[in-house]
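User: I would like to go through this model term by term. Please set each value against its cut-off.

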Amino acid sequence: MKLDGSWVPIFFMVWRMALSVTRYSIPEEMERGSVVANLAADLGLDLGALSQREVKLDIFHQKKYLDINKKTGELYIVDKMDRESLCPTKTSTTCFVKLDLIIEGPLRIFNIELGITDINDNAPHFRRDKIELDVSESASPGERFSLPNAVDPDVGANTITAYELSDSEHFTFDIHSGSDGTKYVDLVLKKALDREEQAVHNLILTAVDGGVPARSGTASIIVRVLDTNDNAPQFSRQIYSVNISENAPAGTLVMKLNATDRDEGTNADITYYFTLYTSEKTQEIFALNTNTGEITVKGTVDYEDMKIFEMHIEAKDNGPLSLSGHCRVNVNVMDMNDNCPEITITSLKNTVKENTPVGTVIAFVSVSDRDRGDNGKVNLTINKQLPFCLNKSSDYHYELVVSEPLDREKTPEFDITLVVSDGGTPSLSDNETVSVHLLDVNDNAPQFPQSFYTIPVMENNAPGALLSSLTAFDPDLHENQYLVYFIIEKEIVNTSMSMLFSINPENGNLYALKTFDFEIEKEYLFHIEARDSGVPPLSSNITVHIIIMDQNDNPPLIVSPWRAHGSVVEEKIPRSTDKGTLIAKVIAIDTDSVQNSRITYQFLQNTDATLFSLDQFNGEIRTTRMFSYRDARHQRLVVIAKDNGEPALSATVTIKLSTVETALKAYSDMTEVPLEYDIFSDLNLYLVIGLGSVSFLLLITILVTVVLKCQKPKPSKAAPPSRNSVISERNSTIADSTLVSNDAYWYSLFLAETRKGKLVVRQPIPKGTRYIVSSIPRGTGLTDTSESAASTLQVGTTTTTTNSCHYMNQMLR
């Protein structure tokens with residue numbers, strides 16, 4: 001027979017019984033479509049007629065497992081058949097399924113029995129996969145414990161045939177059969193148990209059937225060993241040593257004891273106690289939790305009070321007959337830096353002189369600390385840089401000494417903060433401040449803000465006027481600071497400084513004792529000293545430079561043109577004078593200085609403003625055009641010389657000009673040249689040539705007149721000499737005069753007519769000297785051998801003589 005799918009050959013038997021029952025035998029679990037038998041052949045049925053007849057297969061079961069193929073007459077499997085489902089009881093190894101084949105036309109019934117044989121399609125299994133047993137560790141070897149048996153729905157050789165137990169030194173098993181043949185298993189104790197050694201034993205029980213191949217099932221056996229109180233509590237050590245910091249707060253955990261008991265349950269519940277060997281002092285400082293074994297701080301732990309605490313602890317279990325264990329705990333108190341170092345100062349000198357020598361001891365300092373080790377090692381310092389230092393004389397003793405020179409004027413008082421710190425972590429410190437006051441000594445001389453004072457004083461000051469306050473400063477104290485001022489005596493032109501100036505000895509106010517005149521004395525130089533009242537006294541001095549400032553107190557003095565009588569000067573000029581001809585030159589001097597001596601010239605009165613012009617800076621009066629017949633014969637010019645002071649001062653001069661019909665020139669153009677040069681005006685040269693062409697007679701007359709005037713000079717009329725004055729004389733149109741400049745130089749002017757014009761000779765004179773200027777007398781003529789009087793300028797004791805006429809004679813040639 002071939003099965004659908006795998007075509008496995010199956011043997012079956014067909015036999016007929018007396019009751020016409022046809023029987024077949026097949027294994028269970030055949031695949032769908034597998035042919036069980038050919039009924040047509042076995043029952044002798046015609047296949048052709050069979051297909052035409054009504055065929056019905058009745059199965060006496062809930063489910064239709066089989067059917068017949070009318071074309072082939074084959075009985076085949078419609079659904080798999082499980083022997084264990086069809087025959088759940090194991091009374092027989094054989095399982096039959098009955099069915100009837102009914103064929104109509106004519107009606108025939110065939111009885112068929114199909115035997116289902118068992119195959120090993122089921123593995124043994126236990127009703128409980130996990131079996132738990134509680135066995136007391138006091139159980140004796142040989143004691144038996146029943147186990148649930150395994151089941152296998154297969155029958156015959158396919159059912160359970162043997163049991164196996166995993167390896168165990170404490171357990172084995174025993175199999176016995178029941179009255180129905182069922183095999184039962186007992187677990188047998190073969191060796192005494194020790195829960196503390198092994199509290200749980202895990203075993204595997206295996207059931208094996210006899211099929212080929214064999215199938216098996218397993219169950220897990222958990223044997224829990226029940227405890228008995230056979231072990232006392234044990235500590236891991238007999239002696240514990242623990243460190244704790246002093247001043248640990250209450251509640252701080254010192255340590256937790258953990259005694260162990262190999263038993264369990266109440267047999268392992270441990271309670272901790274202090275034994276009688278633990279001192280009351282220790283029990284006051286520490287607490288023991290009876291349940292957890294925690295030792296905590298409940299009092300004050302002070303290293304300085306007690307360094308080691310010893311505790312004796314008992315651990316007792318709660319078994320019926322309790323057992324106990326013992327240990328000792330040594331608590332070592334670790335020193336904490338809980339004591340601040342202390343400073344003690346003795347023999348302190350609160351006041352010292354500022355000139356105290358370096359190295360002087362002003363105090364003794366000692367330090368201490370109750371802690372030990374690094375916590376008790378102290379270091380003493382000064383908190384900032386001061387002229388003091390600490391000298392260590394021993395481990396805990398110091399000397400406070402002066403390390404640098406002291407100066408009360410810089411720092412009158414010192415606050416010395418001594419800081420002591422220990423070597424703990426964190427470090428603790430303390431400080432102590434001592435005040436040292438410095439006493440003054442006279443070690444500072446008075447000091448002026450400046451070493452040189454320049455004091456301007458306006459001339460014409462009122463006597464007794466305050467000039468300046470010359471105040472010195474002395475940083476010392478008390479009598480070392482009291483200053484006295486005085487002038488160091490010095491004579492100027494037989495006059496003592498104390499006659500000119502006065503100083504207030506208390507405050508240094510400087511006063512003028514007289515009225516000063518800039519034109520007489522322009523400056524004073526002297527010294528003032530300031531002296532303190534210390535012992536010995538110290539002093540310093542300064543240089544005072546008094547500068548007399550000029551006031552405009554001198555009016556200009558007109559020195560040219562020379563006025564013999566009054567302030568009117570009369571001059572005669574030819575009417576033929578050309579345009580631009582120098583008619584006169586007004587010269588004024590002012591003994592003041594700078595702005596006060598700068599002079600400008602203006603016409604105060606001018607008869608004809610179109611005829612004359614005045615240079616405001618040099619005072620030259622020139623014609624602005626030639627004279628005409630309409631111009632008046634007499635012209636009046638009033639010139640004012642005004643200085644630049646505030647207020648301005650002035651002087652006037654009146655010049656009366658009379659025009660004459662003559663060839664004589666009153667004045668020609670003047671040209672300033674150095675003495676060594678002969679410079680003439682081209683204009684005058686052209687004028688001479690023109691006049692010569694017009695009238696030869698006029699030219700001869702002019703030349704004769706010049707010669708006569710140079711050869712016949714009149715003696716000069718001397719004026720009384722005076723300081724800062726000019727003495728001069730003028731009697732004709734041939735002028736000679738002296739000019740004094742405003743600032744830098746004096747100039748001596750000599751006017752003389754020559755054939756080519758008028759010559760100006762200028763000589764520089766040193767500034768700032770006293771002078772007397774004498775004019776050059778007018779000459780009557782100039783020859784090679786004639787000599788004229790010299791013009792003399794007196795400067796101090798030096799006399800300068802210039803032979804001007806000799807020079808002019810050379811020029812006339």
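**Values against cut-offs**

Analyst: F627 counts as buried, because its relative accessibility is 11% and buried means under 20% relative accessible area, exposed over 50%, partly exposed in between (1.4 Å probe, protein chains only). This is a predicted model, where local features need pLDDT of at least 70 and side-chain atom pairs pLDDT 80 or more, while totals for chains, interfaces and linings use all residues. Residues are numbered from 1 along each chain as its sequence is written, and side-chain values use heavy atoms, leaving out hydrogens and water.

User: What makes F612 and F627 an edge-to-face pair?

Analyst: Rings of Phe, Tyr and Trp (its six-membered ring) pair if their centres lie within 6.5 Å; planes under 30 degrees apart count as stacked, over 60 as edge-to-face and the rest as tilted. F612 and F627 are 6.2 Å apart centre to centre, with 65° between the planes. F612 lies in strand β46 (residues 612-614) and F627 in the loop between β47 (620-623) and β48 (634-642), so the pair ties together parts 15 residues apart in sequence. F612 is buried too, at 3%.

User: Why is the pair of F235 and Y272 called tilted?

Analyst: The angle between the planes is 55° and the centres are 6.3 Å apart. F235 sits in the loop between β16 (216-226) and β17 (239-245), and Y272 in strand β19 (residues 270-274), 37 residues apart. F235 is buried at 9% relative accessible area. Y272 is buried at 4%.

User: How many aromatic pairs does the rule give?

Analyst: The count is ten. Ring pairs also link F501, F516, Y524 and F526 into a cluster.

User: How do you know that K522 sits over the ring of F518?

Analyst: The rule asks for NZ of Lys or CZ of Arg within 6 Å of the ring centre and within 35 degrees of the ring normal. The charged end of K522 is 4.7 Å from the centre of the F518 ring. K307 lies over the face of Y303, at 4.9 Å from the ring centre.

User: Why is S496 called buried?

Analyst: Its relative accessible area is 17%. That is below the limit, so S496 is buried. S496 belongs to strand β36 (residues 495-496). Strands (E, at least two residues) and helices (H or I, at least four) are DSSP runs, numbered from the N terminus.

User: What makes the link between S496 and S498 a polar contact?

Analyst: Their side chains come to 3.0 Å. A polar contact is a pair of N or O atoms within 3.5 Å; within protein, one must be able to donate a hydrogen and the other to accept it, and residues adjacent in sequence count only if both atoms are side-chain atoms.

User: How do you know that β26 and β29 pair?

Analyst: Two strands pair if DSSP finds at least two bridges between them. β26 (residues 361-368) and β29 (residues 397-402) have five, in the antiparallel sense, so they pair. A363 stands opposite L400 in β29.

User: What makes β24 and β28 edge strands?

Analyst: The open sheet has the order β24-β26-β29-β28, with antiparallel pairing. β24 (342-346) and β28 (388-394) each have a single partner strand, so one side of each is left without a neighbour in the sheet.
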